[in-house]
Amino acid sequence: MNNTSKKILVTGGIGQIGTELALALRKKYGADNVFITDIRDEAPAIITDGGSYDKLNVMNYSDVEEFVKKRGINEIYHLAAILSGKGEENPFLCWDININGSMNIFKIAIENKVQKVFVPSSMAAWGLGIQKEDVPQESILRPTSMYGVTKVAGERLSEYLFLKYGLDTRGIRYPGIISCETLPGGGTTDYAVEIFYEAIQKKQYTSFLKEGTKLPMMYMPDCIKATLDLMDADVDRLKFHGDYNVAAFSFAPEELADEIKKIIPEFTIDYKPDFRQAIADSWPASIDDTPARNDWDWKPEYNLSTMVKDMIEKLSVKLK
Ligand code: VAH
């Protein structure tokens, strides 16, 4: 398939990752070939200014199928999901949206000959009994959050549908993603985004994770690169389907605060851990991503200090 014959559907297209992924897809394949959708009535100007936006609920099978048929969709990036923090507030809703929403997308893809489906996984797939540092690709998956349970199920479904129906499913275990375009909604790693807004506007931040909570993180440009590179990779090279480990850097809240202080010296941080601390404690501190590096040449560009510098530069302009 050449690029102009691609017709791409993005669900969750105005979420934290969806917004920037959708814009990158428009840039790569042309705005006419990328259909950005989400559950909300209206999309921000950054989305509506450059192309189409449609309200679409992934829980409504017939609406999604009609959308796919009408537009001749042949590739789907399915990002609509409930994140870890929100998921613990309503675990049954989290299962419903994350699993039944994904099943709708998978079934519609199979029945309408969609060629590739990207469904993200997350480091939340890990939990009890893991090696905390450099957790390997193939390791025990015993998540203790409902979000994590849905991510493991999604990974297994991706592989099952590849093996049974030949559906070309792909996915990444995202670490916490840091970005300045759209705020994340309801995750445990959200603190690492919120901190920048507060550092610039109030010079103070109260973290809902405590000192020493080291987690794997990645800057959005690398997240987008990883996603697009995995989707471009030759399927014959891929030994995994919905669950590739990717890593960039890891830090605890105080290490991020120290890095921010190098640019905003008056910045201070304090700590008031909430229920999300238990979720963070169940996740790894760092990730081994050797298979992604070998199978599709994955390599991140940003480290902690280049990410912090770029975030502060971009957000300072945005918040002026
Ligand atoms: C969350 N950011 O905190 C998400 C994520 C890596 C975790 O999937 O829920």
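1. Leaving aside residues up to four places away in sequence, Val10 touches Leu25, Val34, Phe35, Ile36, Thr37, Tyr77 and Leu79, where contact means heavy atoms within 4.5 Å. Val10 belongs to strand β1, residues 8-11, and is buried with a relative accessible area of 0%; buried means under 20% relative accessible area, exposed over 50%, and partly exposed in between, with a 1.4 Å probe and protein chains only. Between Val10 and Phe118 there are 108 residues in sequence, yet 9.5 Å in space from C-alpha to C-alpha.

2. This is a predicted model, in which local features need pLDDT of at least 70 and side-chain atom pairs count only at pLDDT 80 or more, while totals for chains, interfaces and linings use all residues. Residues are numbered from 1 along each chain as its sequence is written, and side-chain values use heavy atoms, with hydrogens and water left out.

3. Met123 sits in the loop between β6 (121-122) and α6 (146-165), the elements being DSSP runs numbered from the N terminus, with helices (H or I) of at least four residues and strands (E) of at least two. Met123 is buried, its relative accessible area being 1%, and, not counting residues up to four places away in sequence, Met123 touches Arg173, Tyr174, Pro175, Gly176, Thr189, Leu215, Pro216, Trp283, Pro284 and Ile287. Met123 and Val308 are separated by 185 residues in sequence and by 22 Å in space, C-alpha to C-alpha.

4. The largest nonpolar core has 44 residues, of which Ile178, Phe196, Phe251, Leu256, Ile260 and Met307 touch the most other members; such a core is a set of buried Ala, Val, Leu, Ile, Met, Phe, Trp, Tyr and Cys residues joined through side-chain atoms within 4.5 Å. At least two residues of this core come from each of several elements, including α7 (191-201), β11 (215-219), β13 (249-251) and α12 (304-318), and α7 supplies the largest share, 8 residues.

5. Helices α5 and α6 pack at an angle of about 15 degrees with their axes 9 Å apart, the axes being lines fitted to C-alpha atoms, for helices over the stretch in contact, and the angles running from 0 to 180 degrees between N-to-C directions. The two helices α5 and α6 are therefore roughly parallel, since angles under 35 degrees count as roughly parallel, over 145 as roughly antiparallel, 65 to 115 as roughly perpendicular and the rest as oblique. Residues making the contact include Trp95, Ile99 and Phe106 of α5 and Val149, Ala153 and Leu157 of α6. By class, the contact of α5 with α6 has 14 nonpolar, 4 polar and no charged residues, with Ala, Val, Leu, Ile, Met, Phe, Trp, Tyr, Cys and Pro counted as nonpolar, Asp, Glu, Lys and Arg as charged, and the others, Gly among them, as polar.

6. The axes of α3 (residues 61-71) and α5 (residues 91-111) come within 10 Å and cross at roughly 40 degrees, and α3 and α5 are therefore oblique to each other. Tyr61, Val64, Glu65 and Val68 of α3 meet Asn104, Ile105, Lys107, Ile108 and Glu111 of α5, and the residues of this contact divide into 5 nonpolar, 1 polar and 3 charged.

7. Two non-glycine residues with positive phi deserve a look. Asp134, with a phi of about 50 degrees, is found in the loop between β6 and α6 and is partly exposed at a relative accessible area of 43%. Lys203, whose phi is near 60 degrees, lies in the loop between α7 and β10 (204-207) and counts as partly exposed at 31% relative accessibility.
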